[in-house]
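Here are a few notes to read alongside the model. Please have the sequence and the 3D view open as you go through them.

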Amino acid sequence: MPILYSFKRCPYAMRARMALYLSNTVVELREVSLRDKPQSMLEISPKGTVPVLILDDGNVIDESIEIIEWCIKKKKNIFTETLNSDQELFTEDAIKLFDEKFKFHLDRYKYATRYEDVDEILHRESCVEILKTMENKISNKIFFYTDHLNKIDICILPFIRQFRIANPEWFDNHIEFPKVQKWLDNFLKSSILEEIMVSHEVWKKNNTAIFFPTNL
Ligand SMILES: N[C@@H](CCC(=O)N[C@@H](CS)C(=O)NCC(=O)O)C(=O)O
């Protein structure tokens with residue numbers, strides 16, 4: 001059985017867990033403390049980020065997007081609805097935008113005290129500008145393009161969830177991105193979020209194994 005090193009609230013680990021869930025892949029889940037990463041994880045992936053997936057054949061995948069690609073190869077229709085080529089292109093560009101720019105500003109907004117000399121409101125504004133570019137593209141379906149989760153949803157919504165958590169009242173009352181708010185709200189109410197956000201104790205070598213997802 002594959003092994004997943006994961007951290008509950010990490011947006012990259014969240015997207016990987018969603019892809020594993022949607023592809024019906026059961027893994028042994030090893031919850032990690034980012035302040036005290038297990039040696040067994042660092043040995044196979046010295047860059048020290050989660051998620052890390054070890055496959056049955058011993059191969060290691062330590063980039064969330066590559067874990068998602070592996071899940072798509074394993075079960076072709078993990079995203080039940082197919083997108084047109086424009087939507088696929090936009091998906092890839094949007095994921096890059098969030099991984100590179102949104103995450104940068106999100107960290108400086110949400111964890112401003114961890115950085116020297118940052119203006120959290122300016123970083124919040126930079127996030128808002130990115131959310132406004134998404135606002136114009138969101139369909140009237142439950143998720144970004146369709147009524148079921150697609151790649152764009154599982155990759156981006158964990159970041160927007162964190163952005164809201166920094167100041168929920170401000171986020172919920174902000175008027176510039178109503179479709180983004182609805183899109184996030186649908187995700188927050190979804191059963192998949194509940195499934196992937198179960199809390200686990202930090203993994204230690206001789207602990208009994210925890211399996212994820214629990215309902216498969
Ligand atoms: N490009 C990586 C990024 C993963 C990443 O940065 N994860 C964070 C947690 S959200 C991490 O492990 N950081 C290492 C640390 O905080 O020490 C991916 O997509 O898997």
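1. Let's start with the layout: the C-alpha centres of domain 1 and domain 2 are 23 Å apart. Domain 1 covers 3-78 + 195-212 and domain 2 covers 85-193, with bounds from an automatic or database domain assignment. The contact (heavy atoms within 4.5 Å) draws on 15 residues of domain 1 and 14 residues of domain 2.

2. A word on the source: this is a predicted model, in which local features need pLDDT of at least 70 and side-chain atom pairs count only at pLDDT 80 or more, while totals for chains, interfaces and linings use all residues. Residues are numbered from 1 along each chain as its sequence is written, and side-chain values use heavy atoms, with hydrogens and water left out.

3. Between them, domain 1 and domain 2 bury about 1400 Å², with 68% of it on carbon and sulfur atoms; buried area is the accessible area (1.4 Å probe) that two parts lose on being put together, summed over both. Pro11, Arg15 and Met18 provide 36% of what domain 1 buries against domain 2, more than any other three residues.

4. The interface of domain 1 and domain 2 also has 2 salt bridges, a salt bridge being a side-chain nitrogen of Lys or Arg within 4 Å of a carboxyl oxygen of Asp or Glu. Lys151 and Glu69 meet in a salt bridge at 2.7 Å, N to O.

5. Do look at Lys151 again. Glu92 forms a salt bridge with Lys151, with the closest N and O atoms 2.9 Å apart. Glu92 sits in helix H4 (residues 85-110) and Lys151 in helix H6, 59 residues apart; helices here are DSSP runs (H or I, at least four residues), numbered from the N terminus. Together, Glu69, Glu92 and Lys151 are linked in a network of salt bridges.

6. Is Lys151 buried or exposed? Lys151 is buried, at 10% relative accessible area, whereas Glu92 is partly exposed at 37%. Buried means under 20%, exposed over 50%, and partly exposed in between (1.4 Å probe, protein chains only).

Notes
Helices (H or I, at least four residues) and strands (E, at least two) are DSSP runs, numbered from the N terminus.
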